[in-house]
Amino acid sequence: SKTKELGINFRKRIGTHTPVCIDCAEIEMVESFKYRGVNIINDFCWTTHIEAVAKKAHQLLYFLRRLWMFGMSPTTLTYLYRCAIESILSGYIAAWLGTAPSKTARNC
């Protein structure tokens, strides 16, 4: 089943959790999942999402460097950067940059 449960608990003492059932089927409890391109973890730590975005941006930057070495014009490379890489880096930045550890945010 595609239905998953992400338990979020900010209490200091972690108690037992009763499983959620739909049509007598128990829903699987997960610690993280990907929703609309955002990696969400049950403690709202954005490190996993930031690392995935940085990895994707590095891969695309390698592609741009290869195009530059093959002689593509700087104007075209700028357009490609703004369409592909800048949009990836700026997606959901308001949510995760403020909560990111300084080392992780500096690497992005």
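The model is predicted, so local features need pLDDT of at least 70 and side-chain atom pairs count only at pLDDT 80 or more, whereas totals for chains, interfaces and linings use all residues. Residues are numbered from 1 along each chain as its sequence is written, and side-chain values use heavy atoms, with hydrogens and water left out.

The protein holds 4 helices and 6 strands, where helices (H or I, at least four residues) and strands (E, at least two) are DSSP runs numbered from the N terminus. Read from that end, the order is β-β-β-β-β-β-α-α-α-α. Among contacts (heavy atoms within 4.5 Å) between residues at least 6 apart in sequence, 49% join residues at least 24 apart.

Of the 108 residues, 20% count as buried; here buried means under 20% relative accessible area, exposed over 50%, and partly exposed in between, with a 1.4 Å probe and protein chains only. C24 is exposed at a relative accessible area of 85%, and C83 is exposed at 61%. A search of the whole structure for disulfides (a pair of cysteine sulfur atoms within 2.5 Å) finds 0.

Strands β5 (residues 32-35) and β6 run antiparallel and are joined by 4 bridges, two strands being paired if DSSP finds at least two bridges between them. One of these bridges links S32 to I41 of β6. Between the strands lie 2 residues, and R36 in this hairpin takes a positive phi near 50°. In a regular strand, side chains alternate between the two faces of the sheet. In β6 (residues 38-41), V38 and I40 point one way, N39 and I41 point the other way, and all are buried.

A pocket is an open set of points on a 1 Å grid over the protein atoms alone, where a 1.4 Å probe fits, with protein on both sides within 12 Å along at least five of seven lines; lining residues have an atom within 4 Å of a point. The lining has 11 residues, with K34, G37, H49, V53 and K56 nearest the centre. Helix α1 (residues 47-69) gives the most to this lining, with 4 residues. V53 and S90 are 37 residues apart in sequence, with their C-alpha atoms 9.7 Å apart. S90 lies in helix α2 (residues 74-90) and is partly exposed at 41% relative accessibility.
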